[in-house]
Amino acid sequence: MINCKSQAELDKMKRSGQIVRQVLDAVKKLVAPGVSTMDLELAAEEKIKELGAKPAFKGYHEYPCVLCTSVNNEIIHGIPSEKRVLKEGDIVSIDCGVVLDGYYGDSAITVPVGKSLAPELKKLLDVTETSLKKAIAEVRLGKTVGDVGAAVQEYVEANGFSVVREFVGHGIGTRLHEDPQVPNFGTRGHGTRLREGMVIAIEPMVNIGKPGARVLDDKWTAVTEDGSYSAHFEHTVAVTRNGPLVLTE
Ligand code: MF3
Ligand code: CO
C-alpha cells in the first residue's frame with residue numbers, strides 16, 4: 001500500500017530531510033586520511049542529537065549505528081568501526097537517516113578521502129551522482145517507477161558502469177521503508193505510476209565492474225562480487241504537481 005502525503009506531512013518530511021542534510025554536510029567535512037569510520041559515526045550521532053532528531057538506522061533490524069559507512073568495494077550498509085581507518089585515495093559512502101516528529105528522511109553521499117582521487121573513481125562518483133539527478137528529473141505526475149529506474153540504468157550503462165540489482169530504493173514517510181520499491185533499473189512506462197504526494201528515496205548503487213553483490217559475514221556489509229569499487233548517492237524526493245521536490249537538500 002502506498003501512502004500519499006499531505007502538504008502538512010511534506011512540510012514535516014522537509015524538516016527531517018534538512019536535518020539529514022546538515023548531518024551529512026558536517027560529517028563530510030571530517031573525512032580525511034587517518035579518520036576512522038567510527039569517528040564519522042560519533043560526530044553524526046552528536047549532530048543528530050543536537051538538531052533534536054532521532055537516528056533512523058540504529059536499532060532498525062538490530063543495525064548497530066546511526067550511519068552506514070561503505071568504503072571502496074563496499075556497496076552499502078558498511079558498519080562504522082574504529083578499525084576502519086580511511087586512507088588517501090579511498091572513497092566512502094556515508095548514508096544517514098533520521099526521524100523527526102514521526103517522519104523520516106534518508107540520504108547518502110559518496111566522497112573521496114584526501115586529494116589524490118584516481119580519475120576512474122572521480123568518474124564513478126560523477127556518474128553515480130548524475131544518475132541520481134537524472135532519476136529525480138523523472139519524478140513527475142504520470143511517470144512511473146520504471147522511468148526512474150530506467151533513467152539511472154541508461155546513464156550508468158552508457159558510461160560503462162553497472163547498477164546493483166539486489167538492493168533498491170523505497171517509499172518513505174512514517175516508516176523508513178514503505179511501498180513502492182524503487183529499483184535502479186527498469187523499463188520506461190512500467191511499474192507503479194507516480195501520484196501527487198508520493199515520497200520515494202532514490203538510491204543508485206553503481207559498480208565499476210560487474211553488477212553482482214554479496215553480503216559479508218557481519219550480515220550487513222554488501223560488497224561487490226568482483227571486488228570493483230562502488231558508489232552510492234541517495235535523496236528523499238516527493239512527487240508534486242510542480243515536479244520533483246527534493247526533501248534532503
Ligand atoms: N539508506 C539505506 C536504506 O534505506 C540504509 C538503511 S540501513 C539500515 O535501506 F540499517 F537501517 F537498514
Ligand atoms: Co534508503
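**Ligand surroundings and nonpolar cores**

In the side chain of His-177, an N or O atom lies 2.8 Å from an oxygen atom of ligand 1. The model is a predicted one, and the distances and areas reported for it are computed from its atoms. Two further side chains place polar atoms by the ligand. For Asp-106, a polar side-chain atom is 3.0 Å from an oxygen atom of ligand 1. For Glu-203, the separation between a side-chain N or O atom and an oxygen atom of ligand 1 is 3.3 Å. Ligand 1 on its own would expose 330 Å², of which the protein buries 95%.

The shell around ligand 1 consists of 13 residues, and the closest of these are Asp-95, Asp-106, His-170, His-177 and Glu-234. Sorted by class, this shell comprises six nonpolar, three polar and four charged residues.

In soluble globular proteins, nonpolar side chains tend to be buried together. In the present model, the largest nonpolar core contains 49 residues, and the members that touch the most others are Ile-94 and Ile-202. Helix H3, spanning residues 119-136, supplies the largest share of this core, with seven residues. Leaving aside residues up to four places away in sequence, Ile-94 is in contact with Leu-24, Val-27, Val-31, Leu-40, Leu-67, Cys-68, Ser-107, Ala-108, Ile-109 and Val-111. Another core, of 17 residues, lies apart from the largest one; Val-99, Tyr-104, Ile-172 and Leu-176 are among its members.

Ser-131 is also located in helix H3. Its relative accessible area is 0%, so Ser-131 is classed as buried. Beyond residues up to four places away in sequence, the contacts of Ser-131 are with Val-152, Tyr-155, Val-156 and Pro-204.

Glu-74 is found in strand S3, which covers residues 74-76. Because its relative accessibility is 11%, below the 20% limit, Glu-74 counts as buried. The side chain of Glu-74 forms a polar contact of 2.7 Å with the side chain of Arg-84.

Technical notes
Residues numbered from 1 in each chain as written. Chains lettered and ligands numbered in written order. Predicted model: local features only at pLDDT ≥ 70, side-chain atom pairs only at ≥ 80, totals over all residues. Heavy atoms only, no water. Core = buried A, V, L, I, M, F, W, Y, C linked by side-chain atoms within 4.5 Å. Buried < 20%, exposed > 50% of the residue type's maximum accessible area, 1.4 Å probe, protein only. Helix = DSSP H or I, 4+ residues; strand = E, 2+ residues; numbered from the N terminus. Contact = heavy atoms within 4.5 Å. Near = heavy atom within 4 Å. Polar contact = N/O pair within 3.5 Å; in protein donor to acceptor, adjacent residues only side chain to side chain. Areas by Shrake-Rupley, 256 points an atom, 1.4 Å probe, with all protein chains shown as cover. Nonpolar A, V, L, I, M, F, W, Y, C, P; charged D, E, K, R; others polar.
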